Amino acid sequence: MFVEQFLNGISLGMIYALIAIGFTLIFGVLNLINFAHGEIYMIGAFVAFTFVTIGGLSLPVAFLLSIIVAGFMGVLMERVAFRPLRKSFPEATLLATLGLSIVMKEAATLIWGPETHTISNNAQTMFKLGSVNVSLSQVSIFVVALLFMIGLHLFLTKTYWGMAIRALAQNREAASLMGVNVNLIISVTFAIGSAMGGAAGVLTGSYYGAFYPSMGFLPGLKAFVAMVLGGLTSIPGAVVGGLFLGLSESMASSYLPSGWKDAIAFILLLLVLLIFPQGITKRKEA
Amino acid sequence: MFSKEVSLYKVIAFGALIVLLVMPMFLQKAYYLRIFGIAGIYVMLAVSLNFISGLAGQFSLGHAAFYGIGAYTAALVSLNFSASFIISIVAGALVSMIAGVFVGLPAIRLRQVYLAVATLGLGEIVRIVLLNWTDVTRGPMGLPGIPNPLIFNWEVNSAVEYYYLVLIFAAVTIFVFHALSRGKLGLVLRAVRDNEQAVRTTGINTTLYKLLAFVIGGGFAGLAGGLFAFMSSYISPDNFMFNESIIILAMVVIGGLGSLPGSIVGALLLSLAPEFLRFLDDYRMITFGLMLLLMILFRPEGLLSEHWANSFFKKKLSLKPRGINYDIGNN
């Protein structure tokens, strides 16, 4: 039982980590929070399952396609709600992305209906690993998320675009003076962050076999908590924060009535914000 | 000297009050009166959030928490202790004020986005508590059977009576926030929003003032909640979800951050328009979202901006008949 809860926690934590990485990338480059990030996660799930149920594609193909769609949506989102507001007051993007997230959620409700869609898939298949029951989707979440993280690490350290993203995060003006195309790199950041958010949506959708228009709200918030736990700008930090949150939620759900589980993330958030009001890692004042 | 001048806004406010007072004579459908009652509650919520977010610049995404705490406290006090209406809603407002201290204390240490997310988290915690503390709140089943208010010998019963009850409360709320925002408190809060350090150098305890904004704003949101509980006689956690916080925030932003007339207009617009455009029912939330987004993109100062409001409050209406110069000797 303990081991199974532990595995659940790891799966949940990997999902939070994937979403949190998107938050972290965008926060690192722009110092802003994308409130509509959870909606990308939801759209990712819906697009993939539309491809599967209507398009008749296999899940892996639909998965890849929906990642691409999510990436494009991220780029679009940056054009709509971030770029025009770069010189506006700090809360402007917060409000704009809040508006955008409502629009996306409601648009999904209008397109796909407000109900919970269920799919039956073989991802729920259980098999025994030693004496422990493991589901196929738990393994796939772990493997896919890990691949994404390794890929991102290589991308950020080995490629020009990746290094440009890190340069922007350190100092946008200096990067711009060195010939980095700032707007392009910001678009790339959104594309990658959103693709990972979309991937998380597909993985969760197949894990629980269910998806619905408001599914992005809580995971989005919790991923934000994971990002805060991990120090806001650190990608390994976001992963650790996500795993910590996932594990504490699944461990607590064996001791607490299930309804209280969601409170854990917010209590952690408040504690961290109270102890480190400016974020865990000290950032230079903008 | 015979020259009479009155502030234009006072004339407009007085006119609006007269219209609202006589409106039930023409608008006899109970349904419409109820919609105006709900709109009045939203006006109270928007005006109180404007005090926190617009004036003091403390972005709150958890205003529904105060609203919910006020509603549940008032309902529980009324149901469990069969307390009178006045005592119940005052209890609701007081508990919301205490909640304001608890939200305000962490909030004043945080800035901008952190503050917004912290208030969101607090709002969620309140929702989770309402949903899961079933011994007291009955959880998702909600609290039914909240009695009609009895104020001295007046039992508020019909839609018309509820309409007037909300009208009184909304008018008093607007009056209080108008007075507060034009007084020293409002001045300090605006200054804190624009440059907190400069205010601190003048020896003002800015922390205390920010806390005060949360306590007062939260208190009035709680009052609105209590009123809502009695008006609808049934409340459940669904009435106080995150969406509600966003709708209230959208009202304030669309009306104009920091502008009291803006908040009133924003609240009326967003609460009345969907009711009178019934065919838009499915598109209610998406319209709010789009309006919020477009407003931030193209008119971030809102419909009636704070700047507009300030000059509006200064406009005088001269009661002199035109064309006659009473000021003899003044060329």
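I start in chain A, where the axes of helix H2, residues 37-53, and helix H8, residues 182-208, come within 7 Å and cross at roughly 55°. That angle makes H2(A) oblique to H8(A). The crossing of the two helices is right-handed. On the H2(A) side, the contact is made by A:His37, A:Ile40, A:Tyr41, A:Met42, A:Ile43, A:Gly44, A:Ala45, A:Ala48 and A:Phe49. From H8(A) come A:Ser194, A:Gly197, A:Gly198, A:Ala199, A:Ala200, A:Gly201, A:Val202, A:Thr204 and A:Gly205. Sorted by class, this contact of H2(A) with H8(A) has 10 nonpolar and 8 polar residues, and no charged ones.

Please keep in mind that this is a predicted model.

By class, the contact of H5(A) with H8(A) holds 7 nonpolar residues, 2 polar and no charged.

Next, the two chains together. In the model, 30 residues of chain B are in contact with 32 residues of chain A. Which elements of chain B give two or more residues to the side that touches chain A? They are helix H5, 112-132, helix H11, 242-255, and helix H13, 284-298, of chain B. H5(B) gives the most, with 13 residues. As for composition, the side of chain B that touches chain A has 23 nonpolar residues, 4 polar and 3 charged.

Now the confidence scores. For the model, ipTM is 0.83 and pTM is 0.85. Chain A has an average pLDDT of 84, with 93% of its residues scoring at least 70. Chain B has a mean of 83, and 94% of its residues reach 70 or more. Among the elements of chain A, helix H3, residues 59-82, has the highest mean pLDDT, 90. Strand E2 of chain A, residues 126-129, has the lowest, 70.

One stretch of chain A needs a caution. Over residues 282-286 of chain A, pLDDT stays under 50, and the model has 2 contacts beyond four places in sequence for that stretch. Where pLDDT is low, predicted coordinates should not be read in detail.

Last, a few single residues. A:Asn31 has a positive phi of about 60° although it is not a glycine. A:Asn31 lies in the loop between helix H1, 2-30, and H2 of chain A. A:Asn31 counts as partly exposed because it has 16 C-beta neighbours inside 10 Å.

Chain B has a case to set beside that one. B:Ser233, also not a glycine, has a positive phi near 60°. B:Ser233 is in the loop between helix H10, 206-232, and H11 of chain B. With 13 other C-beta atoms within 10 Å, B:Ser233 is partly exposed.

B:Phe26 and B:Leu268 are 242 residues apart in sequence, and their C-alpha atoms are 19 Å apart in space.

Methods. Residues numbered from 1 in each chain as written. Chains lettered and ligands numbered in written order. Predicted model: local features only at pLDDT ≥ 70, side-chain atom pairs only at ≥ 80, totals over all residues. Axes fitted to C-alpha atoms, helices over the stretch in contact; angles between N-to-C directions. Helix = DSSP H or I, 4+ residues; strand = E, 2+ residues; numbered from the N terminus. Parallel < 35°, antiparallel > 145°, perpendicular 65-115°, else oblique. Left-handed = near helix turned anticlockwise from the far one by under 90°. Contact = placed C-beta atoms within 7 Å. Nonpolar A, V, L, I, M, F, W, Y, C, P; charged D, E, K, R; others polar. pLDDT = per-residue confidence, 0-100. Buried ≥ 20, exposed ≤ 12 C-beta atoms within 10 Å, placed from the backbone.
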